[in-house]
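Here's a quick briefing to read next to the coordinates. It goes by topic, with cut-offs given where a term first comes up.

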Amino acid sequence: MTDIVASRAALTARLVDGDGTTPREQRQAAFAGARLAGPLDALLDKVRLAATRVTDADVAAAKAAGLSEDQLFELVIAAAVGQATTQYESARAALAAATAGD
Amino acid sequence: MRLAILDRGHSLGTKLLFAVIGAMTRQPVPELIKLLRYRPDFFGDPMKVVTHEAMRGPSAWSVADRELMAAVVSRVNACEFCIGAHTATSTRAYGDAGKVAAVLADPANAPVEQPLRATLAMLAKLTREQAVDAGDMRAVLAAGASPRQVEDALAVAFAFNVINRLADSFAFAVPGPKALDSAAKFLLARGYR
């Protein structure tokens with residue numbers, strides 16, 4: 001079987017614990033789906049649950065609130081990987097429950 | 001592309017590489033490549049390792065099956081960039097355009113083996129609802145997929161639930177049919193590294 005345990009952990013560690021142009025706490029919050037201040041909150045909500053509805057105006061509003069493009073690059077990626085991680089962990093827990101006792 | 005840095009913020013070496021790729025393929029550099037090559041230590045490099053393992057690592061699923069899973073996940077997320085790329089890649093890998101088109105048009109009656117059909121349905125639900133439960137998994141196992149196959153399918157869904165979101169959040173331009181065919185050939189020859 002394929003094995004993404006180590007590579008997925010490395011990806012997450014780089015995104016949330018490594019250096020960046022955003023504070024680690026902010027990247028961790030984006031990854032975890034926690035609420036953030038200002039227009040960034042609405043933007044990252046769309047990234048997580050309705051990415052096709054992200055608009056130029058959403059990005060412009062986040063920039064107007066003081067975020068640079070590099071900061072948006074980091075936070076959008078953290079939100080996307082965080083949401084995919086939430087799904088993945090839900091599914092792996094469901095599989096473990098379905099196979100318990102086998 | 002919604003962020004200018006992803007279009008033209010790359011290092012000089014990467015810009016030169018893009019010029020070479022553009023000249024050789026006579027196609028624009030796919031915008032996913034531009035994303036993966038921007039500050040690659042942050043996301044592109046670690047993500048490529050995950051995606052290559054999920055899509056090309058040892059698995060009871062064929063490469064064609066995994067490309068089909070990528071297409072189905074992308075379809076649920078309505079990600080045009082990824083639907084196009086993985087429809088083209090799974091079609092080429094199966095050597096059967098009708099099969100992939102039929103699966104995407106009517107997944108419940110997909111002309112594939114039962115374990116794959118049940119797995120695709122579970123991945124679609126996970127992608128649409130953000131979660132699945134033990135009952136959903138029991139249905140997939142009862143259809144004949146092994147727990148390892150389920151794990152491998154979840155790895156594919158993880159990778160594409162990331163990429164789909166980024167493709168639409170950053171507004172990747174959707175390639176035309178010729179570019180999609182070149183991308184499919186490249187992905188089957190070289191994978192995702």
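**Chain A and its partner**

In chain A, take the contacts between residues at least 6 apart in sequence: 61% of them join residues at least 24 apart. Two residues are in contact if their C-beta atoms, placed from the backbone, lie within 7 Å. Keep in mind that this is a predicted model, where local features need pLDDT of at least 70, side-chain atom pairs count only at pLDDT 80 or more, and totals for chains, interfaces and linings use all residues. Residues are numbered from 1 along each chain as its sequence is written, while chains are lettered from A and ligands numbered from 1 in the order in which they are written.

**Confidence**

- The model's scores are ipTM 0.97 and pTM 0.97.
- Chain B has an average pLDDT (the predictor's confidence in each residue, from 0 to 100) of 96, and 100% of its residues score at least 70.

**Chain A on its own**

- Chain A has five helices and zero strands, in the order α-α-α-α-α along the sequence.
- Helices (H or I, at least four residues) and strands (E, at least two) are DSSP runs, numbered from the N terminus.
- Along the principal axes, the C-alpha atoms of chain A fill a box of roughly 55 × 30 × 20 Å.
- Chain A has 102 residues, and 41% of them count as buried.
- Buried means 20 or more other C-beta atoms within 10 Å of a residue's own, exposed means 12 or fewer, and partly exposed is in between, with C-beta atoms placed from the backbone.

**Where A meets B**

- The interface brings 39 residues of chain A into contact with 41 residues of chain B.
- On the chain A side, the elements giving two or more residues are α1 (5-17), α4 (56-64) and α5 (69-99).
- The largest share of that side, 22 residues, comes from α5(A).
- By type, the chain A side splits into 22 nonpolar, nine polar and eight charged residues.
- Here Ala, Val, Leu, Ile, Met, Phe, Trp, Tyr, Cys and Pro count as nonpolar, Asp, Glu, Lys and Arg as charged, and the others, Gly among them, as polar.
- B:Q130 sits in the loop between α8 (114-129) and α9 (134-142) of chain B, and, leaving aside neighbours within four places in sequence, B:Q130 is in contact with A:T86 and A:Q87.
- B:Q130 has 16 other C-beta atoms within 10 Å, so B:Q130 is partly exposed.

- Not counting residues up to four places away in sequence, B:M69 touches B:L120, B:L123, B:A153, B:V156 and B:A157.
- Helix α5 (residues 63-76) of chain B packs against α8(B) at an angle of about 35 degrees, with the axes 9 Å apart.
- Those axes are lines fitted to C-alpha atoms, for helices over the stretch in contact, and angles run from 0 to 180 degrees between N-to-C directions.
- Among the α5(B) residues that meet α8(B) are B:D65 and B:M69.
- The residues of this contact divide into eight nonpolar, one polar and two charged.
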